[in-house]
Amino acid sequence: MKNPEEIFELLKKEFGEIILGLDKDTPVDPIISVDPKHIQKVGAFLRDNEDFKFDNLMVLSGVDDANGTKTKDEDGMDTISGGTLSVYYHLHSTKLKHKITIKTSTYRENPEVESVYNVWRTSDWHEREAFDMFGIIFKNHPDLRRILMPYDWEAGFPLRKDYKNPEFYQGMKVPY
Amino acid sequence: MGLLDKEFSDGNIVIARAEDLMNWARLSSIWQLGFGLACCAIEMMATSASHYDFDRFGVIPRNTPRQADAIIISGTVTLKMATRIKRLYEQMPDPKYIISMGSCANCGGPYWEHGYHVLKGIDRVIPVDVYVPGCPPRPEALLEGLLKLQEKIRNESMRKKTA
């Protein structure tokens with residue numbers, strides 16, 4: 001069993017600057033930040049290494065950090081440009097009984113994160129959901145299409161903070 | 001009912017208007033499309049089960065739209081589902097009836113403002129005969145809705161569809 005500080009030190013030793021930092025100033029468990037282009041090999045290492053054995057991806061969630069510059073349009077709706085979208089990975093080891101949270105941030109304008117489909121098969125639908133709701137592109141995902149919204153949904157990604165709902169979908173009025 | 005009171009002295013003959021007979025037959029065996037959407041569907045299933053016994057009104061679930069008479073919209077209709085419901089409705093033969101069950105199907109319910117994925121009322125897609133309020137409605141409320149629908153069918157005219 002390892003605590004987050006120890007895990008961070010071991011990862012830092014193995015991967016160097018790919019591991020961006022450890023955020024201890026959170027109301028929950030400390031969060032390790034990782035470069036989005038190399039999350040797959042970090043994940044494989046966390047799963048296979050004898051000290052970690054993170055065999056269970058409990059959840060993968062997308063987050064809109066909404067930290068770009070906001071501009072209001074004439075309806076008072078926000079449009080955000082710049083800033084980041086993030087993906088959080090909550091890992092658990094069923095063998096060593098420890099947990100860790102991994103975070104990776106990517107650019108809002110071109111949100112690309114490496115898929116961890118090859119490491120934890122659970123991430124298949126979770127990544128599809130993050131794509132569906134936030135528009136995060138998971139590179140090397142075998143089947144990245146919408147999972148909850150209709151396949152022909154063109155209005156954007158609903159959980160982004162500057163999302164605007166369309167007036168009509170297939171001839172049906174959408175607002176109340 | 002008005003069917004059996006015009007009985008002749010010979011017990012084997014009953015006189016009735018064709019319209020009354022048709023309506024009586026229709027309202028006494030409403031086969032509902034076996035179809036549920038959300039928590040309202042749990043109440044609908046409870047209504048079908050032995051305590052409330054939908055079958056005593058002739059309502060049984062039929063698992064094909066081609067042989068169903070009514071469809072109970074029992075739950076939140078998402079935009080994705082609305083297109084499917086429309087197709088199911090179009091596959092049902094006339095005469096066909098719709099009971100909109102619960103707040104979500106009636107008007108969007110708790111999703112009315114922030115539900116980007118919810119159709120705000122099934123009547124935007126298909127014509128509704130009876131609205132049953134509630135979130136979810138109790139089985140008694142759904143039974144009341146069914147009785148309202150039966151009443152509507154009883155007063156139907158063969159020349160003009162009213163329900």
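Entry 1: I began with N140(A), which lies in the loop between β9 (137-139) and β10 (168-169) of chain A, where helices (H or I, at least four residues) and strands (E, at least two) are DSSP runs numbered from the N terminus. Before going on I noted that this is a predicted model, in which local features need pLDDT of at least 70 and side-chain atom pairs count only at pLDDT 80 or more, while totals for chains, interfaces and linings use all residues. I also noted that residues are numbered from 1 along each chain as its sequence is written, that chains are lettered from A and ligands numbered from 1 in the order in which they are written, and that side-chain values use heavy atoms, with hydrogens and water left out.

The phi of N140(A) is near 70 degrees, a positive value in a residue other than glycine. I looked up its accessibility and found N140(A) exposed, with a relative accessible area of 62%; here buried means under 20%, exposed over 50%, and partly exposed in between, with a 1.4 Å probe and protein chains only. Q170(A), in the loop between β10 and β11 (172-173) of chain A, has a positive phi too, of about 50 degrees, although it is not a glycine. I wrote these down because most residues other than glycine have a negative phi, and most peptide bonds are trans.

**Entry 2: cis peptide bonds in chain B.** I then went through the peptide bonds and found that a cis bond joins D94(B) and P95(B), with omega about -5 degrees. P95(B) sits in the loop between α3 (79-91) and β4 (97-101) of chain B. The bond from C135(B) to P136(B) is also cis, with omega near -10 degrees, and P136(B) belongs to the loop between β5 (130-132) and α5 (139-154) of chain B.

**Entry 3: cysteines.** As to accessibility, C104(B) is buried at 12%, whereas C135(B) counts as exposed at 59%.

**Entry 4: the interface of chains A and B.** I counted 17 residues of chain A in contact with 14 residues of chain B, contact meaning heavy atoms within 4.5 Å. The area buried between the two chains is about 1200 Å², with 68% of it given by carbon and sulfur atoms; buried area is the accessible area (1.4 Å probe) that two parts lose on being put together, summed over both. On the side of chain A, M172(A), V174(A) and Y176(A) lose the most area to chain B, together 45% of what that side buries.

By class, the side of chain A that touches chain B has 14 nonpolar, two polar and one charged residues, where Ala, Val, Leu, Ile, Met, Phe, Trp, Tyr, Cys and Pro count as nonpolar, Asp, Glu, Lys and Arg as charged, and the others, Gly among them, as polar. I found zero salt bridges between chain A and chain B, taking a salt bridge as a side-chain nitrogen of Lys or Arg within 4 Å of a carboxyl oxygen of Asp or Glu. Four residue pairs, both at pLDDT 80 or more, are in polar contact across the interface; a polar contact is a pair of N or O atoms within 3.5 Å, where within protein one must be able to donate a hydrogen and the other to accept it, and residues adjacent in sequence count only if both atoms are side-chain atoms.

**Entry 5: V118(B).** I followed V118(B), which is placed in the loop between α4 (102-107) and β5 of chain B and counts as buried at 0% relative accessibility. Leaving aside neighbours within four places in sequence, V118(B) is in contact with V174(A) and, in its own chain, with T76(B), V77(B), T78(B), L79(B), G108(B) and Y111(B). V118(B) and L79(B) stand 39 residues apart in sequence but 5.6 Å apart in space, C-alpha to C-alpha.

**Entry 6: T26(A).** I looked at T26(A), in the loop between β1 (19-23) and β2 (31-34) of chain A. A polar atom of its side chain lies 3.0 Å from the backbone oxygen of V28(A), and the backbone oxygen of D29(A) lies 3.1 Å from a polar atom of the T26(A) side chain.

**Entry 7: chain A as a whole.** Last, I noted that chain A has three helices and 11 strands, and that 46% of its 176 residues are buried.
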